[in-house]
Amino acid sequence: MARTDHYNDPNAPEATNIVVAVTAFVQDDQGRLLMIRRTDNDLYSIPGGAQDVGETIGHTVVREVKEETGFDVEPTDVIGIYSDPAHVISYTDGEVRQEFSICFRARLVGGELRTSSESSEVHWVQRGDLSSLNIHPSIRLRIEHGFENRLKPYFAT
């Protein structure tokens, strides 16, 4: 299912729902950032996705990173909460969501790099190379905040 991100677009469709989602800011021991190329919109992004019924938000981070990259992570801090009504996401099945996403800093604990049906590429990217990638402005903001070390403690339950 393809998606289109509308941002500050006066012609964007009206949102019909809000879905809780996460993104994960994960760095390796060299300071490189874990990035994927999404299959649904062909943009580069940090890993993430929607929370499933019955799981904690921390488990959502762990599951989404594993599904999209093959890596195991542990969420450690909250970088920010993003709920911009000017960011509307429309899907080919007719769903239109208003953005609501919690960005976590997560620590790499294992796994092996691989792609998935949601990620056509998985890379460790140097900070200086991010400007050459096609990244949605809402994801760029999370990345900037991650590099600024904005942190709020995350307590797993």
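Both Phe 71 and Trp 124 are buried, a term used here for under 20% relative accessible area, with exposed meaning over 50% and partly exposed covering what lies in between (1.4 Å probe, protein chains only). This is a predicted model, in which local features need pLDDT of at least 70 and side-chain atom pairs count only at pLDDT 80 or more, while totals for chains, interfaces and linings use all residues. Residues are numbered from 1 along each chain as its sequence is written, and side-chain values use heavy atoms, with hydrogens and water left out.

The search of the whole structure finds two aromatic pairs. Rings of Phe, Tyr and Trp (its six-membered ring) are taken to pair if their centres lie within 6.5 Å; planes under 30 degrees apart count as stacked, over 60 as edge-to-face and the rest as tilted. Phe 25 and Phe 147 have ring centres 5.1 Å apart and planes at 85 degrees, so this pair is edge-to-face. Distant parts of the chain are linked by the pair, with Phe 25 in strand 3 and Phe 147 in helix 2 (residues 137–147), 122 residues apart. Helices (H or I, at least four residues) and strands (E, at least two) are DSSP runs, numbered from the N terminus. Phe 25 and Phe 147 are both buried. For Phe 71 and Trp 124, the ring centres are 5.4 Å apart and the planes stand at 55 degrees, so the pair is tilted. Phe 71 belongs to strand 7 and Trp 124 to strand 11 (residues 119–125), so the pair ties together parts that are 53 residues apart in sequence.

Next come the strands themselves, which pair if DSSP finds at least two bridges between them. Strand 3 (residues 21–27) runs parallel to strand 10 (residues 101–111), and seven bridges join them. Here Val 22 stands opposite Ile 102 in strand 10. Strand 10 also pairs with strand 7 (residues 71–82), in the antiparallel sense and over 10 bridges, with Cys 103 in strand 10 as the bridge partner of Gly 80.

Two loop residues complete the picture. Most residues other than glycine have a negative phi. Asn 8, not a glycine, has a positive phi of about 55 degrees, and its place is in the loop between strand 1 (3–7) and strand 2 (17–18). Asp 42 also has a positive phi, near 65 degrees, and is found in the loop between strand 4 (33–38) and strand 5 (44–45).
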